[in-house]
Amino acid sequence: MSSNPGNGKLVCVTGASGYIASWIVKLLLLRGYTVNGTVRDLDDSRKVDHLLKLDGAKERLHLFKANLLEEGSFDTAVEGCEGVFHTASPVVSNVKDPQIELIDPAVKGTLNILKSCAKSPSVKRVVLTSSMAAVVCNGKPRDPEVVVDEAWFSNPSFCRESEQWYALSKTLAEDAAWKFVKENNIDMVAINPSFVIGPLLRPSLNESSAAILKLINGAQTLPKITGGWINVKDVANAHIQALEIPTANGRYCLVESVADYSEVSKILQELYPRLQLQEDMPSVPKYQVSKEKTRTLGIEFIPLHVGLREIAESLKERNFFNVEL
C-alpha cells in the first residue's frame, strides 16, 4: 500500500474533536487526505486547538460548525467528500433526561448526517461509529463459552427496562442508519468499538479514560461489569480501512480483550507497583468476542496492557493525577 493512499481526497469527520474522531483526523492527515471536520463551536479552543496542531492540518484540515439536531447543518461539510465518518454522538453516564441528552442527538443526528450524504453525489461510503453497546445489550447470557459476533444486536426493550440509556441511544441510531441507507442506496459500514483506551490527543477525558483515572486514584466503587477493551489507534485505523477496503461491509466488532475492572486493576498494579489500587474487587464472568471479521480490515490489535500504559502516561502528562508512577 502506498504511503499516501489519501492523495488529497476529501473526506468528512463529524464530531472531529472527540476522542476517537481526533485520532481518525490525525491518521487521515498522515495518509494524505484532505479533511473537513465538524465541531459544535469553532471558538472553543479546548475542542479545536489539538486538531489545528496535527501534522498536515495547516494545509489539509478545514473545520466547520455543525449541530447534530439541525437538519442541513452538515450539508456544506459533506459536499464534495468521497467518504464520511460519522463519529459525533453524546456519551453521558449521569443521565437526567435520556431522550434529550442521548437519544435525540444520537438518532436525529445520525439521520441528519445521512440526509446530507444523500444530497451529495460525491459520497461513495459512510463509516458509522456505532458501539459494542449496540451489540451485547440484549439479556442473552454471557459466559466464557459464549462468542459474541456481528450477528448480535442489542434489544431496545431490554435497554429501556435495564435503563442502559447510552446503549439504547447507540442501538436506535444504528438501527435507524441501516434502514435509511437501505432506502436511499447509500454504502455504509458500521464500526462497533468496546471501551476505548490509549493515548489522548485532546485535553478532556472520554468515559473509559475517566474510569481508568478513578482506578488510579483508588476509587472504592467501580462498575461491576465485564466489557471489551480496544486501543483508540486500532479503532481509528479500522474506520479508515473500512473506507479504503472496497469489500468492507456490514458491522465490525472491535474488541481486543474482554476484562472486568478487577483484571484491569491488576494489570495497572503490575505496570505501576507504586499505585495503591483496590485489591478485593469482585470479578465478573467473562465472554468472548469474535475477531474474525475485524481481522479482514488488517487490524492486528494492540494488547490491553499497552493501551493501559498509554492512557496512564497520557493522564499523568496532562496532570490529571499526581501519583508517582
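Modeller: All six of the six residues of strand β7 (residues 188-193) are buried, so the strand is largely enclosed by the rest of the structure. This is a predicted model, in which local features need pLDDT of at least 70, side-chain atom pairs count only at pLDDT 80 or more, and totals for chains, interfaces and linings use all residues. Residues are numbered from 1 along each chain as its sequence is written, and side-chain values use heavy atoms, with hydrogens and water left out.

Colleague: What makes both faces of β7 covered?

Modeller: Buried means under 20% relative accessible area, with exposed over 50% and partly exposed in between (1.4 Å probe, protein chains only). M188, A190 and N192 on one side are buried, as are V189, I191 and P193 on the other, so both faces count as covered.

Colleague: How do you know that β5 and β7 pair?

Modeller: Two strands pair if DSSP finds at least two bridges between them. β5 and β7 have four, in the parallel sense, and therefore pair. L128 stands opposite A190 in β7. Five bridges also join β7 to the parallel strand β10 (residues 250-254), where Y252 is the bridge partner of I191.

Colleague: Why are four residues of the lining of the largest cavity called nonpolar?

Modeller: Ala, Val, Leu, Ile, Met, Phe, Trp, Tyr, Cys and Pro count as nonpolar, Asp, Glu, Lys and Arg as charged, and the others, Gly among them, as polar. The lining includes A88, A106, L128 and A173, which therefore count as nonpolar; six other lining residues are polar and two are charged.

How values were computed: 1 Å grid on protein atoms, 1.4 Å probe; cavity = no way out; pocket = protein on both sides within 12 Å on 5 of 7 lines; lining within 4 Å. Helix = DSSP H or I, 4+ residues; strand = E, 2+ residues; numbered from the N terminus.
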